[in-house]
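Hi everyone, thanks for coming. Let me put today's structure up on the screen, and then I'll walk you through it.

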Amino acid sequence: MAGDYDFDDDDHKDSAVGSRRKEFDCPGCNANNPVDDGFGDGDELRCNYCGCEYKVTVNAEGRMKFKEI
């Protein structure tokens, strides 16, 4: 079952480089995942621990939303 997850990045502003973020907490298992190249709106991510894959969307306020794919 695919799920939509909202992530409030107020606590993670220091991990952002421009509009690209350098890490995320997996909505499925809460593991912290560093991303060397960074990621932003429209990118697909895979959790390095549980293997779940997510598509990322970022709204105008900078909130990330993860949709399981």
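First, some housekeeping. This is a predicted model, where local features need pLDDT of at least 70 and side-chain atom pairs count only at pLDDT 80 or more, while totals for chains, interfaces and linings use all residues. Residues are numbered from 1 along each chain as its sequence is written, and side-chain values use heavy atoms, with hydrogens and water left out.

So, the fold. The protein chain has zero helices and seven strands, and its pattern along the sequence reads β-β-β-β-β-β-β. Helices here are DSSP runs of H or I with at least four residues, strands are runs of E with at least two, and both are numbered from the N terminus. The chain has 69 residues, and 30% of them count as buried. Buried means under 20% relative accessible area, exposed means over 50%, and partly exposed is in between, using a 1.4 Å probe and protein chains only. The accessible surface of the chain is about 4,500 Å², with 42% of that belonging to carbon and sulfur atoms; the areas come from the Shrake-Rupley method with a 1.4 Å probe, and for residues only the protein chains shown count as cover. As for contacts (heavy atoms within 4.5 Å), 26% of those with a separation of 6 or more join residues 24 or more positions apart.

Now the inside. The largest nonpolar core has eleven residues, including Phe24, Cys26, Val35, Leu45, Cys47 and Met64. Strand S4 (32–39), strand S6 (53–58) and strand S7 (64–68) each give two or more residues to this core. By nonpolar core I mean a set of buried Ala, Val, Leu, Ile, Met, Phe, Trp, Tyr and Cys residues joined through side-chain atoms within 4.5 Å.

Which residues do the ring pairs link into a cluster? They are Phe24, Phe39, Tyr54 and Phe66, and the count of aromatic pairs comes to three. Rings of Phe, Tyr and Trp (its six-membered ring) pair if their centres lie within 6.5 Å; planes under 30 degrees apart are stacked, over 60 edge-to-face, and the rest tilted. Phe24 and Phe66 make a tilted pair, 5.7 Å centre to centre with 35 degrees between the planes. Phe24 sits in strand S3 (residues 20–25) and Phe66 in strand S7, 42 residues apart. Phe24 is buried at 2% relative accessibility, and Phe66 is buried at 1%. Tyr54 and Phe66 pair edge-to-face, at 5.9 Å and 75 degrees. Tyr54 is in strand S6 and Phe66 in strand S7, so this pair ties together parts twelve residues apart in sequence. Tyr54 is buried too, at 0%.

Finally, the asparagines. Is Asn33 buried or exposed? Asn33 is buried, at 0% relative accessibility, and lies in strand S4. A polar atom of the Asn33 side chain is 3.0 Å from the backbone oxygen of Ala31. Beyond its neighbours within four places in sequence, Asn33 contacts residues including Lys22, Phe24, Arg46 and Tyr49. Asn30, in the loop between S3 and S4, is exposed at 62%. Asn30 also has a positive phi of about 65 degrees, although it is not a glycine.

Terms used
Polar contact = N/O pair within 3.5 Å; in protein donor to acceptor, adjacent residues only side chain to side chain.
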